[in-house]
Amino acid sequence: MAGFLFHETVFGPVMSRRLGVSLGVNLLPVDYKYCTFNCIYCECGWTHKKPANNTGLPGRGTVRKLLEKKLAILQKEGKIPDAITFAGNGEPTIHPEFPEIIDDTIRLRNKYFPEVNITVLSNASTLHHEKVFKALMQIDNNIQKLDAGTEDTFQRINRPSGKLSLDRLTEMLCSFNGKLIIQSLFLRGTDNGSVIDNSSEEEVTAWILRLKKIKPEYVMIYPIDRPTPEQNIEKISFEELNRIAARVNEAGIRTKVFG
Ligand code: SF4
């Protein structure tokens with residue numbers, strides 16, 4: 001599957017099911033996906049190898065110019081977005097100038113739309129870089145991925161590069177001391193012929209135990225929405241997601257369900 005790609009560095013605003021009217025910033029290449037994970041449900045398709053010398057990543061100056069140009073147009077037209085969102089064709093924090101780009105974005109946001117939230121959608125894999133961690137502590141919506149409760153399911157759904165374990169990921173998420181939002185996608189299906197299901201009783205119980213340690217502001221749960229690179233995946237129903245949400249709420253953690 002080629003996947004759904006964003007062909008611009010600054011795109012939209014688009015209507016997002018979770019974030020409202022969102023002006024997107026894609027710090028990854030515009031013609032292929034680049035990520036530290038290789039999630040079986042990724043709407044961008046399968047992950048490519050690391051590009052040589054980070055070729056294809058937009059430079060800090062380019063991002064700043066494109067973002068300012070777009071914000072100036074939106075201001076002139078009186079169109080106020082709900083969020084400036086770092087998402088796109090992979091993991092935004094991979095970008096070597098991510099912390100500096102966040103600094104630029106905060107300055108531009110304060111100049112054009114001080115009331116607009118800055119959001120980053122991340123898979124938490126680069127939090128060991130102190131500068132990335134500090135940059136994420138400065139933004140309004142620090143949204144981090146946690147799709148599994150057990151190591152086996154984490155490795156099979158998210159397929160992280162390197163030796164990242166779910167325990168290490170959980171530990172890094174705990175270091176935000178609650179200044180984060182967790183996003184979790186639920187699915188059921190098979191990969192390589194064996195069942196994979198992060199909505200099972202055992203998985204959800206283990207996932208909630210991790211949430212209790214992380215103590216996020218709230219949790220966003222949602223199903224697949226677009227075609228997935230792994231073909232044998234089924235969409236979890238809204239009713240099932242609501243049952244999972246009820247269990248999270250019982251554990252004292254606020255949850256939002258997106259169908
Ligand atoms: S972390 Fe996000 S961009 Fe990376 S593979 Fe998973 S869904 Fe795709």
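**Strand pairing, core and ligand shell in a predicted model**

In β11, Val219 finds its bridge partner in Thr255. Helices and strands here are DSSP runs (H or I over at least four residues for helices, E over at least two for strands), numbered from the N terminus. This is a predicted model, where local features need pLDDT of at least 70 and side-chain atom pairs count only at pLDDT 80 or more, while totals for chains, interfaces and linings use all residues. Residues are numbered from 1 along each chain as its sequence is written.

Back to the strands. β9 and strand β11 (residues 255-257) pair in the parallel sense, with three bridges between them; strands count as paired if DSSP finds at least two bridges between them. β9 also runs parallel to strand β6 (residues 181-185), and four bridges join these two. Here Leu185 sits opposite Tyr222 of β9.

Leaving aside neighbours within four places in sequence, Ile182 is in contact with Gln144, Leu146, Leu211, Ile214, Pro216 and Val219, contact being C-beta atoms (placed from the backbone) within 7 Å. Take Leu146: it is 36 residues away from Ile182 in sequence, yet the C-alpha atoms of the two are 6.4 Å apart.

Ile182 turns up again in the largest nonpolar core, a set of 61 residues, where Val25, Leu27, Tyr41, Leu173, Ile182 and Phe186 have the most contacts. The largest share of this core, four residues, comes from strand β3 (residues 83-87). Such a core is a set of buried Ala, Val, Leu, Ile, Met, Phe, Trp, Tyr and Cys residues joined through C-beta atoms within 7 Å.

Zooming out, the protein has seven helices and eleven strands, and buried residues make up 40% of its 259 residues. Of the contacts between residues at least 6 apart in sequence, 75% join residues at least 24 apart. The C-alpha atoms fill a box of roughly 50 × 40 × 35 Å along the principal axes. The radius of gyration is 18 Å, which agrees with the value near 18 Å for a compact globule of 259 residues; it is taken over C-alpha atoms, and the globule rule is 2.2 Å times the number of residues to the power 0.38.

As for the ligand, the residues around it are Cys35, Phe37, Asn38, Cys39, Cys42, Cys44, Thr47, Gly90, Glu91, Asn123 and Lys145, with a C-beta atom (placed from the backbone) within 6 Å as the cut-off. This shell splits into five nonpolar, four polar and two charged residues. Ala, Val, Leu, Ile, Met, Phe, Trp, Tyr, Cys and Pro count as nonpolar, Asp, Glu, Lys and Arg as charged, and the others, Gly among them, as polar.

A cis peptide bond, with omega about 10°, joins Gly12 to Pro13, and Pro13 belongs to strand β1 (residues 10-16). Ala124 is not a glycine but has a positive phi of about 70°; it lies in the loop between β4 (117-122) and α3 (130-138) and is buried, with 27 C-beta neighbours inside 10 Å. Asn192, also not a glycine, has a positive phi of about 50°. Its place is the loop between β7 (187-191) and β8 (194-197), and with 8 other C-beta atoms within 10 Å, Asn192 is exposed.

Key: A residue is buried if 20 or more other C-beta atoms lie within 10 Å of its own, exposed if 12 or fewer, and partly exposed in between; C-beta atoms are placed from the backbone. Two residues are in contact if their C-beta atoms, placed from the backbone, lie within 7 Å.
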